[in-house]
Amino acid sequence: MASMFTRVLSGRNTAVIMAGLGAGTLVSSYIMMTESGVSAGEKKKLYPPSADYPDLRKHNNCLASALTPAVYGQLRDKLTPNNWSLDQCIQTGVDNPGHPFIKTVGMVAGDEESYEVFAEIFNPVIKDRHNGYDPTTMKHPTDLDSSKITSGMFDENYVLSSRVRTGRSIRGLSLPPACTRAERREVERVVVQGLSGLKDDLAGKYYSLTEMTEQEQQQLIDDHFLFDKPVSPLLTCAGMARDWPDARGIWHNNEKTFLIWINEEDHTRVISMEKGGNMKRVFERFCRGLKEVERLIQERGWEFMWNERLGYILTCPSNLGTGLRAGVHVRLPLLSKDSRFNKILDNLRLQKRGTGGVDTAAVGDTFDISNLDRLGKSEVELVQCVIDGVNYLIDCEKKLEKSQDISIPPPKRKMEVLYTQVNGC
Amino acid sequence: MPFGNTHNNFKLNYKADDEYPDLTKHNNHMAKVLSKEMYGKLREKQTPTGFTLDDVIQTGVDNPGHPFIMTVGCVAGDEESYEVFKDLFDPIICDRHSGYKATDKHKTDLNFENLKGGDDLDPNYVLSSRVRTGRSIKGYALPPHNSRGERRAVEKLSVEALNSLDGEFKGKYYPLKSMTDAEQEQLIADHFLFDKPVSPLLLAAGMARDWPDARGIWHNENKTFLVWVNEEDHLRVIAMQKGGNMKEVFKRFCVGLQRIEEIFKKHNHGFMWNEHLGFVLTCPSNLGTGLRGGVHVKLPKLSTHAKFEEILTRLRLQKRGTGGVDTASVGGVFDISNADRIGSSEVDQVQCVVDGVKLMVEMEKKLEKGESIDSMIPAQK
């Protein structure tokens with residue numbers, strides 16, 4: 001069959017015709033064969049999107065639910081202004097089919113523009129992950145005014161520690177899956193320079209992972225501050241561990257209550273924490289610190305990635321909006337054994353984790369309890385949600401101690417964003 | 001990575017100095033060779049399929065290496081990588097392959113009749129014999145770089161070629177993604193099944209992408225000839241059997257390989273080969289013959305002898321544990337195989353193994369009788 005065609009046709013156009021006729025790879029590639037194999041440009045035609053479409057039949061993640069062959073076909077050959085592609089966004093989701101019980105996201109952004117250029121796939125994934133939030137019609141509220149918080153002091157017989165974290169990306173530099181070494185080093189320079197301007201209770205010091213002494217390393221481990229090279233395949237398949245530990249580091253204030261991770265899973269992860277139950281103070285410092293850092297980088301012409309549809313832009317779509325996780329380590333020996341525990345958490349829009357963080361088991365009766373939502377509600381709303389919710393849980397625990405009965409609270413509304421705001425009604 | 005070519009143009013916005021990797025704590029061949037100047041010179045280049053310098057070296061940057069074990073630290077993404085980045089690859093190849101120069105020519109000899117002996121290794125000592133190599137299929141990018149479409153095309157073509165074999169080579173293909181539990185159990189029991197790579201050396205080079213898509217195992221009915229599709233190379237071809245008849249194993253190896261090659265050539269997708277590098281494979285350590293011919297042999301006494309390492313070096317052999325690379329030996333049983341890959345032919349390398357193992361078994365027997373082996377220690381080959 002091949003020889004018949006070669007007498008009649010030759011050249012690059014042939015392969016297009018061949019592929020279009022549905023002729024097998026053998027025939028088209030025979031005709032396409034050059035001394036040096038197939039070039040990147042020729043590849044696009046030899047391998048139409050259908051040849052490259054990933055096999056997602058055994059996958060359980062948001063990407064697999066949303067990526068139809070049609071969407072793949074429309075997006076495969078597009079590039080962001082930083083030359084980042086769809087295949088690069090989705091590689092982690094293809095390589096990690098997921099778990100029947102845990103639905104991971106399955107894709108990452110390489111830069112701010114990814115969310116725009118590949119909106120056709122990011123939007124349904126965002127909707128799936130964030131309870132129906134629709135970036136095309138909704139706006140995300142940002143509110144870092146900590147004075148609005150009420151009842152932010154927990155009973156320290158139960159709450160052992162309080163913590164609020166978020167992430168921030170530096171506009172104009174690619175995100176961890178995509179960044180070049182130079183960009184990553186630039187992120188480090190910009191952030192460390194900004195942080196060096198912090199004063200008073202926020203004044204602190206930077207510890208670069210490449211230059212840390214053994215002693216400093218041990219201290220950071222003891223303080224539970226040190227982060228390690230990622231081992232989770234969700235992160236390594238997305239290319240976030242490249243060039244480790246180049247341009248990675250940890251900054252913290254002298255009081256060890258305000259901490260910044262540089263170039264781990266996001267450009268920066270910002271953490272405010274302290275022992276005990278004073279969540280209001282933790283959040284106050286969080287907001288103040290964030291605003292100060294923002295001011296300091298703006299002085300030098302930089303800013304955070306943010307827009308009114310998606311809020312703060314971070315690497316993983318699951319962290320869009322506020323990127324905020326506010327939580328406590330709380331002892332709930334009786335409540336945690338009650339069969340209604342999970343339902344109560346659900347209705348309060350809270351999640352539990354082990355004290356080692358995500359994907360760890362609880363030790364003893366101490367749980368990490370934090371907000372489930374990230375996008376569609378403001379920082380103040382989410383922190384208030386955690387405060388009210390944890391207070392409710394402690395209340396339940398106290399009732400159970402006295403052998404009184406507890407009740408499941410009514411479910412909180414998932415989506416606080418109002419359509420009327422957007423439509424102007 | 002398959003997507004990397006356009007992104008490289010974007011990187012050029014940053015100065016070479018700012019992009020140059022920090023290799024101060026590294027101990028691998030790439031780190032020894034890649035100076036800032038070389039990085040500056042090569043970073044603008046890319047192969048016709050879009051493989052770039054950063055793609056070549058990423059695995060070496062991410063894996064600083066071990067003070068005692070010198071890894072290679074770079075991979076090829078296609079046949080042209082070795083040409084486009086020859087300034088980097090040539091010194092690495094020279095260092096890794098005992099002084100093989102950029103102008104040297106490599107000899108290929110797959111004529112099994114040229115092997116002398118090899119059918120009389122004592123089966124009381126030599127438990128099994130095995131020869132493996134890799135082959136890359138011309139016209140397709142290599143595992144660090146290929147797209148899903150290309151990888152599937154390699155699988156399709158390979159399976160067509162393999163399914164057309166007959167006689168002692170008649171066999172069946174088991175794709176990883178649709179294997180039944182029973183088939184999987186059997187392949188594990190036969191020691192045939194390969195797993196998704198876990199070594200960071202391979203993962204950082206992007207070879208496990210899209211696993212297990214288009215990966216699989218083919219073997220003949222007798223279970224003496226086996227092909228891995230799309231693991232670390234396009235094809236890994238393995239001939240093996242219990243006992244010490246390396247001659248028979250090598251014959252089957254050569255005949256099988258040549259049959260497969262004929263079929264690929266007919267489809268105008270022969271194997272990647274040139275007269276300088278021999279067979280072109282993903283890792284520079286496997287250039288030349290890509291051949292590792294070895295035995296599992298019982299050498300409990302010899303292996304504890306003070307001169308064991310020296311003997312191996314002189315015989316141009318290396319030892320591994322019976323689990324393969326980076327494993328320890330169990331019960332005095334070692335995996336002994338040729339150390340060289342390029343600059344000598346397939347026949348030469350298997351001859352080394354056959355002659356060397358024969359000598360070591362004789363030494364073992366001498367040591368069992370309490371006699372000295374000093375007079376038997378060979379000169380450097």
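Hi everyone, let me start with a term: contact here means heavy atoms within 4.5 Å. By that rule, chain A brings 48 residues to the contact and chain B brings 46 residues. What you see is a predicted model, where local features need pLDDT of at least 70, side-chain atom pairs count only at pLDDT 80 or more, and totals for chains, interfaces and linings use all residues. Residues are numbered from 1 along each chain as its sequence is written, chains are lettered from A and ligands numbered from 1 in the order in which they are written, and side-chain values use heavy atoms, with hydrogens and water left out.

Now the interface. Together the two chains, A and B, bury about 3800 Å², meaning the accessible area (1.4 Å probe) that two parts lose on being put together, summed over both. Of that, 46% is on carbon and sulfur atoms.

How many salt bridges cross between chain A and chain B? The rule finds three, taking a side-chain nitrogen of Lys or Arg within 4 Å of a carboxyl oxygen of Asp or Glu. Have a look at Asp55(A) and Lys177(B), a salt bridge whose closest N and O atoms are 2.8 Å apart.

Which helix of chain A gives the largest share of the side that touches chain B? That is helix 8, with six residues; helices here are DSSP runs (H or I, at least four residues), numbered from the N terminus. That side of chain A divides into 19 nonpolar, 14 polar and 15 charged residues, with Ala, Val, Leu, Ile, Met, Phe, Trp, Tyr, Cys and Pro as nonpolar, Asp, Glu, Lys and Arg as charged, and the others, Gly among them, as polar.

Terms used: Helix = DSSP H or I, 4+ residues; strand = E, 2+ residues; numbered from the N terminus.
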